Amino acid sequence: MRRGPGAAERADLPVVVLVGPRGSGKTAALADIRERCGDRVPYAHSDLERAVKPPRAIVTELAFNLSRKFEGHSRIDFRQLWLCLLVKGAQLNQENREKALAQVRDSLAADAEFSERTNKVVDGVVDSVTQAGVVPWWFPLAVSTLLRGREALSWRRRLRRASELREATPQRSPNLQDVLVDIGVADSGLMDEVFCAAFLADLREAYRGRGGRRKANCVALLDNVDSPNGMQFLDLLLHNRQRHRRDPDPLVVVGTSRQWHPRWGRQGSARSPEQAGLADWADRRELDRGPDSWWYPVELRDLTSTEVVEVGRFAAGTAPFVHELTRGHPWGMREVRTALGDQASGPAMRGFLEHRAADGPSLAERARDYLLQDFDPAQREVLVGLSAAPNLELATRAEVRLGSDDDAGALHEVRTRLWTVLDRENRLALHPWLRRLLLHELANRPDDHPERWVVVHDRHRQHHRENGNTALALYHALALQDLGAVVAHLQRQFEEIDTEADVRPWLERLDLITAAPNRLRTDREPREQVEELARTVPAADGDLARLVAAKWLMSDPLGDPGRTLRGIARSEFEQLARQARAGFVVFFGESEKYA
């Protein structure tokens, strides 16, 4: 935003798009920029989702806000844009060009004073636009200054040179009055182009001559640029920029989007906040992409565990639980913080997703409704079923999906809406916080639901069993609470360990299987639940059964919020070390992780 030698003066400026799923902090980032601008940097803000706004309305709203008085900056006069607005509002005769020209001449009379009729036209335009919620209360004062007195004479002289208006109209008439008639009777698309061209021309004019001493570029903060009107406006802006490469406009655009647009390049190519900067954009910019070379997507990431501590101000020991539960999703973290208050982590938090404020919906219901409001009910049903598998590659195989017209749409939307992450094996998976909420819904489906927990996991288990993938079959068997099958398999594999090199694959298989989701009761102490589960297995395999049960609960943030099972895991790994024919050092090393 700074201007001056070596900074952004007379340089190309990117259109920065902060991308991330719902609740990732995009709007909060714009609010922070707005606060930093204060009264020192000319800025304008617009939310492009709340109402349908054609590009000319967006342009007008931005101009009204940028023409405020900012400290250290003379007021920006959007002369050409105001003229477009007034001519359009004059409702020119669209059937008789001579009459339309006469109307324009009346509006541009050389007298410093305006006729009563012209004043009514001006006031009518102001009233209509104000009622549309676009113009701030002070706009009539700006119009009065613009159209009356000595300022009006200067304004008209400049308008005689209004080449931007002529260039934006197809007739390219040298006569400004003819151009104004063309604007006044133009269709919606041409009107949008002319308004955008006039807006940028006025900005460039404001920074010429004495305006070149301005300390900061203007800033446009646009929430939800992925709306159809938002993308249409930015397309017009970038095509205009491309035509005027030799005379860059002094406008920094920072937008937000909760979905990826193909015009920004390959999904996953966005920069992180730590990487982002003007120099980085210039170095990576692909000029041969024309107007699309101006885009600069920056992906807002989840908070780290350290940042959760700093931002959330949780009670001692609670931050790790919150980070594991939400993966640092900012909105999720805030909601959990609100529900938790100053409560420390412990067994009582096992039913945390059922937390209700007064008689309202549960935390899980409220979170799902907020995060998934961009998906229709049929797509949400599909996503609930997909949550059963550890990643989307496994979740979307035809053998485990019933197949419906909604499947492809849901998969496309969840990817485009930025709700996927890469797991440890670099495979595409649902965001852990979203998956947690979807699994909670799957676990609570009624017994007569055709796609309930038991049906979905059993279908996955059968598929992997038939294809010889024993570990994944047992992953779903454990989700179905078949602890006996899991322990029997791991015991056989343990007895076949002959060398230290055999231990690591066994441990990896143990981790994979025990990462299975669960729908265990949440009103029990974790240690009691481990012992209860272990009793379903022959006593000879009791040690391994307790280890599997403990790791299974610990893999779920809600399984053991107070981390009371670490002692069991450590003790059982030590026991395995004593029983192992080889690799006992590796087993002892594993036990120390739970100290």
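# Notebook: sheet, salt bridges and a covered helix

I began with the charged pairs and found that the structure holds 45 salt bridges. A reminder to myself: this is a predicted model.

**Entry 1, the salt bridges.** I looked up a few of them one by one. Arg524 pairs with Glu532, and the closest N and O atoms are 2.7 Å apart. Arg524 is partly exposed, at 22% relative accessible area, and Glu532 is partly exposed too, at 35%.

Next I went to Arg356, which forms a salt bridge with Glu354; here the closest N and O atoms lie 3.8 Å apart. That value still falls within the 4 Å cut-off for a salt bridge.

Then I turned to helix α26, residues 542-554. The side chains of Asp543 and Arg546 meet there in a salt bridge, 2.8 Å from N to O. Why do Asp543 and Arg546 lie about one helical turn apart? They are three residues apart in α26, so about one helical turn separates them. Asp543 is partly exposed, with 26% relative accessibility.

I also wanted to see a case with several partners. Arg22, Glu49, Arg258, Asp374, Glu413 and Arg417 are linked in a network of salt bridges.

**Entry 2, the sheet.** In what order do the five strands of the open sheet lie? I read it as β2-β3-β4-β1-β5, with parallel pairing. The edges belong to β2 (43-47) and β5 (295-299); each has a single partner strand, so one side of each is left without a neighbour in the sheet. From one strand to the next, the twist averages 20°.

I zoomed in on one pair. Strands β3 (residues 218-223) and β4 (residues 251-257) run parallel and are joined by five bridges. I followed one of these from Ala220, whose bridge partner in β4 is Val253.

Helix α1 (residues 26-37) touches β1 (15-19), β2, β3 and β4, and its direction makes about 155° with that of β3. Helix α11 (residues 228-243) touches β1, β3, β4 and β5, and I noted about 150° between its direction and that of β4.

Is helix α22 (residues 470-479) mostly covered or mostly open? Mostly covered: nine of its 10 residues are buried. Among them I listed Leu472, Leu474, Tyr475, His476 and Leu478; several alanines are on the list as well, including Ala471 and Ala479.

What do the buried residues of α22 pack against? I found α18 (392-395), α20 (432-443), α21 (453-466), α23 (483-495), α24 (503-514) and α26. Just after α22, I marked Gln481, which takes a positive phi of about 70°.

I finished on the surface. Phe584, Val585 and Phe588 form a nonpolar patch there, and their accessible area together is about 280 Å². I checked where Val585 sits, and its place is in helix α28 (residues 584-592). Is Val585 buried or exposed? Its relative accessible area is 52%, so Val585 counts as exposed, given that the class begins over 50%.

Notes: Residues are numbered from 1 along each chain as its sequence is written. This is a predicted model: local features need pLDDT of at least 70, side-chain atom pairs count only at pLDDT 80 or more; totals for chains, interfaces and linings use all residues. Side-chain values use heavy atoms; hydrogens and water are left out. Patches are made of residues with over 30% relative accessible area and no salt bridge: like charges are joined within 9 Å, nonpolar side chains (Val, Leu, Ile, Met, Phe, Trp, Tyr) within 5 Å. Accessible areas come from the Shrake-Rupley method with a 1.4 Å probe; for residues, only the protein chains shown count as cover. Helices (H or I, at least four residues) and strands (E, at least two) are DSSP runs, numbered from the N terminus. Buried means under 20% relative accessible area, exposed over 50%, partly exposed in between (1.4 Å probe, protein chains only). Two strands pair if DSSP finds at least two bridges between them. Axes are lines fitted to C-alpha atoms, for helices over the stretch in contact, and angles run from 0 to 180 degrees between N-to-C directions. Contact means heavy atoms within 4.5 Å.
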